Amino acid sequence: MLNSIIKFFAGWYSKRCPVCKKSHIESVLNSYKEKNYCQECKKQIIFGGILFKIIMLYLKMDKSDLCDLTYDKQAIASFNSFFRIINKYGLSIMKNGIPIYVVFDITNKCNLKCIHCYSSKHKKELTTNDVFKIIDMLYEKGAGVIDFGGGEPLLRKDIYKILSYSKEVGFYTSITTNGLFLNKECINHLKTLNIDHVCISLDGYTPKTHDYIRNKKGTFEEVIKNIKKCVNAGINTQISTVIMKRNFNELRNIFNLLKKLNVDGWYVYDFIPAGHGIKLKNEVLRPNQRQQLFSKLQEFAISGDIPIKPYPYSITINSACEKDTFFYKKYGKLTEFFKGCLTARWVCHISSEGDLHPCYLLPHKLGNLKQKSFEDIWFDKTNSDLNDLRDRKLLKGNCRTCSFRDVCGGCRARAFWTTGDYLQSDNCWIKN
């Protein structure tokens, strides 16, 4: 009975206003920051707001937790996705999850040979229609955010068709690129498509550092120039930086540079020696360096100059921090609800051949979306990888005995690439 009621209200929140086309949950969330909603939405907000307060109590959230999130289009898309999932599957879905966030590497072709690249050597690519079918399949099952990567996604001749289709279906749509193909024509295309954001890789403050990591001279200057073009064109421009020992001491300088460039966000990744990067294990941060990195990112984030999105911290270590840390206040209560590491539950990765993986950094193939439906693969009770990754009681080492195990779980990808076993302990600083 309770599950039926919850599914009903989740369906109500997923409905869209016939006037402004916003979902009811979006209107309720927007009411926390502004009052210029349409008259039709106003009727829904009175009822929806009361019910949402009950949901917030369940999520251990308060009004202040929502204020920043309601300005984040990606967060809004995730909320929409979550309610569609609950409407379809009910609360039973909390055990297995459905990927709200999808990394779709539509090609492995690339114009660079970055030293830390995780991409595989497979050359096969899905056809345009195959990509469309997978996009449809994912959205129908509840996914809400999709990031197209590679390789270099801008090398696909049909990239604009794919991005356009993803937007039409209803996805929050982004693209991750090395930035070298962002000429005037490309930027105009992305602007016309109203892409939600472009994420550009920048791995150093100096040409020496960035060009070394990207394995090609001249890339730093070209990328900086193209970042400026995107920002000036009014495209939401995010930056992606992989932090390793080589660029660890440039962190503050990179932050100051991004402030000057006036970018819209900064994804900061703690280097995991996956794929080609397996040869660079000596570049992996030590636990004390990882703690310093997190402390510096907190300092930068509190300044409010640039929205900072640290990975995997916002979904793992964050849950184990003091309650008054910046990232706990902004994400912690939600990460506790979703239970830390999202691998095999609320995120997934799709390769250029259509292989489904539990995470973009885990090479374990769950199935192929050209051969089986997403639902058949995701809910396969005989799949040992899915069963193991969803059961925190199977974790080993420090992660098994850690008091934060059930709200954190460690980064399973980092455990795999450093030990060969995704159930082994993640070498965070909490117990190391």
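Student: Which residues point which way from S5?
Tutor: This is a predicted model, to begin with. Thr 237, Ile 239, Thr 241 and Ile 243 point one way from S5. Gln 238, Ser 240 and Val 242 point the other way.

Student: And are those residues buried or exposed?
Tutor: Buried, on both sides.

Student: How many bridges join S4 to S5?
Tutor: There are 4, and the two strands run parallel. S4 covers residues 197–201. Ile 200 has Ile 239 of S5 as its bridge partner.

Student: What about S6, how many bridges there?
Tutor: S5 pairs with S6, residues 265–270, over 6 bridges, again in the parallel sense. Ile 243 has Asp 270 of S6 as its bridge partner.

Student: How does the chain get from S5 to S6, and what's the hand?
Tutor: The chain goes through helix H11, residues 251–261. That β-α-β crossover is right-handed.

Student: Switching topic. How many cavities of 30 Å³ or more turn up?
Tutor: The search of the whole structure finds 3.

Student: How much space is in the second largest cavity?
Tutor: About 60 Å³.

Student: What lines the second largest cavity?
Tutor: Cys 341, Thr 343, Asp 388, Leu 389, Asp 391, Arg 392, Leu 395, Gly 409, Gly 410, Arg 412 and Leu 423.

Student: And how does that lining split by class?
Tutor: It has 4 nonpolar, 3 polar and 4 charged residues. Among those lining the cavity are Asp 388, Asp 391, Arg 392 and Arg 412.

Notes. Residues numbered from 1 in each chain as written. Predicted model: local features only at pLDDT ≥ 70, side-chain atom pairs only at ≥ 80, totals over all residues. Heavy atoms only, no water. Buried < 20%, exposed > 50% of the residue type's maximum accessible area, 1.4 Å probe, protein only. Pairing = 2+ DSSP bridges. Right-handed = clockwise from strand over helix to strand, strands pointing away. 1 Å grid on protein atoms, 1.4 Å probe; cavity = no way out; pocket = protein on both sides within 12 Å on 5 of 7 lines; lining within 4 Å. Points joined across faces, edges and corners; volume = space filled by probe spheres on them. Nonpolar A, V, L, I, M, F, W, Y, C, P; charged D, E, K, R; others polar.
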